[in-house]
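Please take a moment to look over the sequence and the model shown below before reading on. The paragraphs that follow walk through the way its parts come together.

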Amino acid sequence: MRVVWQLLAVVAVSAVGGQSVVAVSGKPWLSFAVGLVVSVLALLVYGWVVRVTERRPSTEVALKGAGAATGRGVLIGVALFGTVIVNIAFLGGYEVHGLGSVPGAVGLFGFMAAAATTEEVLYRGVLFRLVEERAGTWISLVLTGTLFGLVHLFNPNATLWGAIAIAIEAGGMLGAAYVATRNLWVPIGVHFGWNFAAGGIFSTEVSGNGTPQGLLDSTTSGSTLLTGGAFGPEGSLYSVVFGALLTAAFMWLAHRRGHLVPRRRRADRVPVAPPAHSDPAPSEGHPLPSGSDDASTLPR
């Protein structure tokens, strides 16, 4: 039943939050504020429902080290997308014409914050973690990554290749980021950094959603395989390659830290909370002990 309650709680706040953000679209500063409120609410609801249904502190969203971990994730996401754009531009597929819309970038900041937080709470916080308990890390990575790619088929300018690309570069990479760190702050940061760089900074299409103009006035042109076409650079072969490389790096780190969960027999299945660890801060990639009573855990 805990799976049902966690899904209901997270899906409810995601649905309400999503509608709220859409309702204020076109009003940049209001979008910024509403997006941040939705992000905080999603984390609070997730922390509460995990604490109630699993009777443990929700250490994966503990406040200690959250800022540093999220910041690192954002830098990784922005740098990764920037690398993709540089490679596309090198072949003449991306061109900047000048300054775009600063208010547009502000609005996209809030929108992308809400999207990244609610999606990570749902896909990595609930689905990935609970599938991992039963099937192990690798199977969970494949299944939830595939699901994450498939839901993008419902986007306005979606393509099958775009969904496959998302499954590999985002579903796999963000799941691996959670496994490596055993907190949600890094995957939230990577997700937000990637999306905001795509729409808010470089003004490219994000997952075929008809993204408004961001900070730069730019155009993409050329081979769909390299630029992603109407789906955006997430459908670029560069994104798939660089995303797969980062996934491999995160999984190597997870292996080094002993964070991989093997497939378990039915009799051996127990909830997989962030493993007990003598090192303190999740911001250093080391989760808090699952039985910890840290006062900074969200929420109490």
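Predicted model: local features only at pLDDT ≥ 70, side-chain atom pairs only at ≥ 80, totals over all residues.

By the ring-centre rule, the count of aromatic pairs comes to 11. One of them joins Phe 32 and Phe 109, whose ring centres are 5.4 Å apart and whose planes meet at 40°, so this pair is tilted. Here Phe 32 lies in helix H2 (residues 28–54) and Phe 109 in helix H4, so the pair ties together parts that are 77 residues apart in sequence. Phe 32 is itself partly exposed, at a relative accessible area of 26%. Followed from ring to ring, such pairs link Trp 29, Phe 32, Phe 109, Phe 192 and Phe 196 into a cluster.

The secondary structure comes to nine helices and two strands, and from the N terminus on the elements run α-α-α-β-α-α-α-α-β-α-α. Of the 300 residues in the chain, 53% are buried. Among contacts with a separation of 6 or more, 76% are between residues 24 or more positions apart.

Helix H7 (residues 185–201) also packs on helix H3 (residues 66–90), and the axes of these two helices come within 6 Å and cross at roughly 35°. The crossing of H3 and H7 is right-handed. On the H3 side the contact includes Ala 66, Ala 69, Thr 70, Gly 73, Val 74 and Gly 77, while on the H7 side it includes Trp 185, Val 186, Gly 189, Val 190, Phe 192 and Gly 193. Sorted by class, the residues of this contact are 15 nonpolar, five polar and no charged ones.

Within this contact, Gly 73 deserves a separate look. Gly 73 is found in helix H3 and is buried, with a relative accessible area of 0%. Once its neighbours within four places in sequence are left aside, Gly 73 is in contact with Val 186, Gly 189 and Val 190. The C-alpha atom of Gly 73 is separated by 10.0 Å from that of Leu 184, although the two residues are 111 residues apart along the chain.

Helix H6 takes part in two further contacts. Helix H5 (residues 137–151) packs against H6 at an angle of about 135°, with the axes 7 Å apart, which makes H5 oblique to H6. Their crossing is right-handed. The residues that make the contact include Leu 141, Gly 145, Phe 148 and Gly 149 of H5, together with Ala 163, Ile 166, Ala 167, Gly 171 and Leu 174 of H6. By class, the contact of H5 with H6 has nine nonpolar, seven polar and no charged residues.

Two loop residues complete the tour. Most residues other than glycine have a negative phi. Arg 182, however, has a positive phi of about 55° although it is not a glycine. Arg 182 is found in the loop between H6 and H7 and is buried, with a relative accessible area of 1%. Ser 203, likewise not a glycine, has a positive phi of about 55°. Ser 203 is found in the loop between H7 and strand S2 (216–220), where it is buried, with a relative accessible area of 14%.

Terms used. Residues numbered from 1 in each chain as written. Heavy atoms only, no water. Axes fitted to C-alpha atoms, helices over the stretch in contact; angles between N-to-C directions. Helix = DSSP H or I, 4+ residues; strand = E, 2+ residues; numbered from the N terminus. Left-handed = near helix turned anticlockwise from the far one by under 90°. Contact = heavy atoms within 4.5 Å. Nonpolar A, V, L, I, M, F, W, Y, C, P; charged D, E, K, R; others polar. Buried < 20%, exposed > 50% of the residue type's maximum accessible area, 1.4 Å probe, protein only. Phe/Tyr/Trp six-rings, centres within 6.5 Å; stacked < 30°, edge-to-face > 60°. Parallel < 35°, antiparallel > 145°, perpendicular 65-115°, else oblique.
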